[in-house]
Amino acid sequence: MSETSAPEKVVIVGGVAGGMSTATRLRRLSESTQITVFERGGEVSFANCGLPYHVGGVIPHRSSLVLQTPGALKNRFNIDVHVRTEVTSIDRESKTVSVRETETGHEYTAAYDVLVLSPGSSPIKPPLPGVEKSYVLWNLDDMDRMMERAETAQSAVVVGGGFIGLEVAENLVHRGMSVTLVEALPQLMPLLDVEMAWLLVERAEVNGVQVRLSEKVDEVTDNGVTLASGDAIDADMVVMAVGAKPNLELARDAGLEIGPAGGIAVDDNHRSSDPHIWAVGDAAEKKRDSGAGMIPLAGLANRHGRYAADAIMGIPTRNTPAHGTSIVGFFGVAAASTGYNERVLREQGRAMRIIHAHPIDHAGYYPDAAQLAMKLIVDPDTDLILGAQVVGDDGVDKRIDVIATAMQAGMTATDLIDLELAYAPQFGSAKDPVNMLGYINDNRVAGQQTLQWHEVADHQAEGWRVLDVRTPFENSRGQIPGAELYELDTIRERLDELRGSKVIVHCRVGQRSHTAASILRQEGIEVKNLDGGYLTWQLGTRATEHLTQEASSR
Ligand code: FAD
């Protein structure tokens, strides 16, 4: 790159994650380029991700969320930032944008050699009667409005059980409010599969949050909401957190190509269908392993902003597929995922090998070890990792990040065995939970037959016997209906009782039953091991029973 190839004028629409990342990187690459950022909100470079935590008082000072000011950006980077200034249209012919100052109404045009679009996304407000009475949380103005109402409100309905819904619900509880969480899907956190998401429901209820799954809001009233089921939930305030839509108006009106995933189509250099216009962040499509996708996450917006700046300056860039690695904290439990979940892969008709495990986050003999719920989804033909989910109180971020890194590096599930991960008893185990997934995968590659938690009942109907190889004490604390107790240490003495049967074996997490399955298989008995054991079966069954109970109580 040389200063001579630097564009004279770069205009950037949107002054937060993707926009500011592009702007500051550009300045580091070129002192001569005139960089102008238009931001229709009141602040640039604010921490959207921190908003819920100021609502709950976890981040006590509002000012902590404002990371930069136009003045500071001018001084440090010589970037001209115009806040409360909206770009209203793009004229690709003359390479100008029309701009309107939102407070004064003053309008003018600005010329560009290169235009970067990072207009983000907007919260969806569904077209329901009374929806205008509800609150959203997307920027600092939204946060101020929400906090003003929360000063006197005692109760809230939060509609939507994704990231923002969960974060808002928790933080309103921190403020002492009573909260009901309403979700249209049969689970919280749609990025997870149903059995993995159940722990979030349990954690909500332990903390006094009422969860209403498979419920749609029909109307926002003066007293709360009315549900499609006919129930009314009283609340002093209603928060809509039902997802976001990319801000595409500018791009669409300018005739830029909108891609199959519904975002601004970009090439590997984040360049749109117009060679003078780049697009990054929530509004732009992301390259995925299979086609394009929309992934509204801060890390990708920042990375792609930097790469767009590089590409504008003629520096070769990479565009590695995005996996959507994400995490949410909810009353002490963390839920993280990367890649595709089982539900999406099923919809795509993809073959998959599914592995559940429940290792503890660090050595059991060291205090405060906490159980993790892990799920790994593997392509059975290539052994490549298609996705992973981890839920638990501790060590979740580390495990999902290791798996995400392995995925990005193109490692196979069996390669997880060989990862040499830091270990001392307070941090992990000599066989780290990630290594364990690799070992389990290796057993499966070697031919171990398994079944999933939701396949047990159908197998039983076809005559399969279920053997619980746990101890009598464990069995007395809860069993799979119809399961017969065959404690592992006694199973060799009882083989004659099993000959000629088809059997499912299970223990608590699938490890002892793996040993039982090996014994039975070598005796010529047809056997399948219940993947993830009783714990996974229990999570999945509770999740589905909860729904049945809710439906019958309506
Ligand atoms: P933004 O950062 O939203 O910036 C877009 C800006 O463009 C906006 O400020 C908007 O006002 C401005 N704009 C739009 N149109 C125009 C126009 N015509 N003219 C001028 N300006 C315009 N992601 C994570 O990875 N982890 C998290 O924990 C996380 N938590 C979040 C919590 C909340 C409450 C929210 C709202 C988002 C969270 N995100 C999180 C998502 C993350 O913030 C976004 O993915 C990221 O900010 C997207 O960057 P962007 O540049 O595309 O859009």
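**Close-up views of a predicted model**

Figure 1. V220 has V225 as its bridge partner in β13.

**Figure 2. The three-stranded open sheet β12-β13-β14.** This sheet contains 3 strands, ordered β12-β13-β14, with antiparallel pairing. The edge positions belong to β12 (217-221) and β14 (232-234); each has a single partner strand, so one side of each is left without a neighbour in the sheet. On average, and with direction ignored, neighbouring strands of this sheet are turned by 20 degrees against each other. In general, the strands of a sheet pair through backbone hydrogen bonds, either parallel or antiparallel.

**Figure 3. The five-stranded open sheet.** Here 5 strands form an open sheet with parallel pairing, and their order is β25-β29-β28-β26-β27. β25 (450-451) and β27 (484-485) are the edge strands; because each has a single partner strand, one side of each is left without a neighbour in the sheet. Within the sheet, β28 (residues 502-506) and β29 (residues 526-530) pair in the parallel sense over 4 bridges.

**Figure 4. Polar contacts between the ligand and the protein backbone.** A polar backbone atom of G18 lies 2.8 Å from an oxygen atom of the ligand. At R40, a polar backbone atom is 3.1 Å from a nitrogen atom of the ligand. D282 also contributes through its backbone, with an N or O atom 2.8 Å from an oxygen atom of the ligand. The ligand taken alone exposes 990 Å², of which the protein buries 88%.

**Figure 5. The residue shell around the ligand.** There are 27 residues around the ligand, and those that come nearest are G18, E39, S118, D282 and A298. By class, the shell divides into 15 nonpolar, 8 polar and 4 charged residues. The elements that give two or more residues to the shell are α1 (17-29), β4 (85-91) and α8 (298-312). Of these, β4 gives the most, with 3 residues.

**Figure 6. R84, a non-glycine residue with a positive phi.** Most residues other than glycine have a negative phi. R84 is not a glycine, yet its phi is positive, at about 45 degrees. The residue is located in the loop between β3 (80-82) and β4. R84 counts as partly exposed because its relative accessibility is 27%, a value between the limits of 20% and 50%.

**Figure 7. D383, a further non-glycine residue with a positive phi.** D383 has a phi of about 70 degrees, which is positive although the residue is not a glycine. The loop that holds D383 runs between β23 (372-378) and β24 (385-392). With a relative accessibility of 12%, D383 counts as buried, since the term applies under 20%. Thus D383 is buried, whereas R84 is partly exposed.

Terms used:
Residues numbered from 1 in each chain as written. Predicted model: local features only at pLDDT ≥ 70, side-chain atom pairs only at ≥ 80, totals over all residues. Heavy atoms only, no water. Near = heavy atom within 4 Å. Polar contact = N/O pair within 3.5 Å; in protein donor to acceptor, adjacent residues only side chain to side chain. Areas by Shrake-Rupley, 256 points an atom, 1.4 Å probe, with all protein chains shown as cover. Nonpolar A, V, L, I, M, F, W, Y, C, P; charged D, E, K, R; others polar. Pairing = 2+ DSSP bridges. Axes fitted to C-alpha atoms, helices over the stretch in contact; angles between N-to-C directions. Buried < 20%, exposed > 50% of the residue type's maximum accessible area, 1.4 Å probe, protein only.
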